[in-house]
Amino acid sequence: MDMASNQPDNLALTAEQLREYSAAFNADRANLVAANAAVSNGILQAATSYRGVRELPRTFSVELKQGSITSQEHSGRCWMFASLNTLRYELMHKWNLDDFEFSESYLFFYDKLEKSNFYLENVLKTLDKTTDSRIFEAVNEGPADDGGWWQMFVALVKKYGLVPKEAYPESSNSRDSSAFEQYLNTKLREFAAELRDAHQAGKSVEELRSLKTGQMSVVYRICAIAMGEPPTSFDLLLRVKDEGKDDAKDDAKDDAKASESGTKSGIDSRRQIVEHGITPQEFYAKYVGEDLDDFVSLTNSPLASTPYYRRYQLAFVGNVAEAAPMDFINVPLDVFRKAAVDQLTAGHPIWFACDCAQFSLRKAGIFDRGTVRVDELFGTEFASDKAHGLEYNDSRSNHAMTLTGVNLDKAGEPDRWKVENSWGKDNGKDGYYVASGAWFDRYVQELIIRKEYLDERTLAAVDSEPVTLQPWQPISKVCR
């Protein structure tokens with residue numbers, strides 16, 4: 001059969017059509033004005049509505065006092081930064097500290113190590129799958145990529161604890177992880193080929209596992225060379241705020257008085273908390289102490305394939321091989337939103353995952369469809385809903401941040417949210433963003449909520465029998 005003869009008549013884009021499109025474009029003055037603005041300033045700048053900016057103030061009826069803004073720099077560690085920012089708030093207020101930052105690179109080291117082991121274990125589980133099978137392609141997509149989720153953070157903390165930033169500071173390869181990630185992934189794929197070739201050659205399971213053990217020693221060497229070995233113990237010194245003092249204002253008054261009397265010593269007189277030789281696990285248990293099993297992952301996925309009030313698990317996704325599979329409870333939007341309001345109102349920040357690229361102004365720190373008016377710029381409506389965005393892989397979550405505030409309108413409903421990002425203080429307003437209520441509803445897909453703020457029906461689903469989802473099924477992408 002001649003396939004060409006069965007093709008429709010309107011298959012090709014013709015010169016006549018292009019002339020018609022051009023004539024229609026040039027006949028509309030709005031198109032010419034929009035083109036001038038977009039070509040000269042870029043799409044987002046040209047589409048920014050000053051009315052939208054003015055209608056989204058950065059004041060919040062509920063606002064949590066957080067530490068200094070952090071920066072993941074040129075790495076895909078947002079999920080780790082957002083997790084640590086959530087926990088450092090609890091530590092700071094528990095111990096009355098002015099500021100604190102955990103070492104993100106400490107967990108980054110172990111995450112690379114554990115992801116490598118997890119990948120090789122998945123290779124061993126899929127030895128009889130072809131390399132072009134859908135499941136092996138999912139396993140092989142990014143063996144030790146930077147990205148992750150809250151539950152991967154939990155698995156690392158449970159196993160390795162945490163340390164302050166000064167105990168294991170940033171390195172060149174944690175600040176900019178691209179080369180580290182690239183060559184570790186290349187080596188891991190070489191190891192996968194070795195394991196699969198050995199299997200085809202008839203090697204036993206014991207021989208394959210012995211081979212994997214040797215491969216992991218190379219992985220450890222790569223990680224240690226790239227970042228330096230992490231500490232197994234460290235010395236701790238924390239300075240506690242003076243009770244009843246208004247931080248910097250009161251310190252300035254004290255310095256002025258001391259200067260007038262000639263008695264200023266320059267010594268920091270705040271009470272100290274000192275530990276010598278404390279381990280990362282001991283530090284977490286004593287100074288953080290949050291029970292990470294009390295946190296539940298909620299999603300809002302309005303897909304027919306993921307009914308509400310069900311528990312779901314993701315196959316072949318994780319980092320620590322012996323940890324429980326990643327799971328989440330899917331709930332309706334009103335339940336999802338209320339859980340966030342209740343937790344913030346009670347004084348606890350929230351880890352969340354979203355599609356940060358949609359209707360977003362990175363430099364200005366705005367997430368809002370009413371401000372990023374690409375519909376007005378291009379003269380076309382962007383009408384897809386949340387289910388459509390998930391199903392067609394247009395707006396799955398790709399970035400994690402921390403909610404630290406919310407504004408409630410006269411009816412007690414959230415109309416905007418305060419967002420702590422990990423892109424440094426030069427983005428947003430001193431590192432903070434504002435998201436409209438409508439943007440939150442459309443583009444936020446996951447929240448980490450304490451069990452005490454879950455309604456009875458959601459809480460009942462936490463211990464229900466899980467439904468297994470394959471890694472390509474649309475809920476969210478890995479957060480970077």
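Predicted model: local features only at pLDDT ≥ 70, side-chain atom pairs only at ≥ 80, totals over all residues.
Side chains of opposite charge can pair when their charged atoms come close. In this model, 30 salt bridges were counted.

The side chains of K158 and D293 form a salt bridge, with an N to O distance of 2.4 Å. This pair joins distant parts of the chain. K158 belongs to helix α8 (residues 150-160). D293 sits in the loop between α13 (280-288) and β4 (295-299). The two residues are 135 residues apart. D293 has a relative accessible area of 45% and is therefore partly exposed, since it falls between the limits of 20% and 50%.

A second salt bridge involves R311 and D327, whose closest N and O atoms lie 2.9 Å apart. This pair also links distant parts of the chain. R311 lies in strand β5 (residues 310-314), and D327 in strand β6 (residues 327-330). Their separation is 16 residues. R311 is buried, because its relative accessibility is 16% and the cut-off for burial is under 20%.

K165 and E170 form a further salt bridge, with 3.6 Å between the closest N and O atoms. K165 is partly exposed at 21% relative accessibility. E170, in contrast, is buried at 13%. The 20% limit therefore separates the two partners. Both residues also take part in a network of salt bridges. This network links K165 and E170 with R77, E101 and E104.

How values were computed:
Residues numbered from 1 in each chain as written. Heavy atoms only, no water. Salt bridge = Lys/Arg side-chain N within 4 Å of Asp/Glu carboxyl O. Helix = DSSP H or I, 4+ residues; strand = E, 2+ residues; numbered from the N terminus. Buried < 20%, exposed > 50% of the residue type's maximum accessible area, 1.4 Å probe, protein only.
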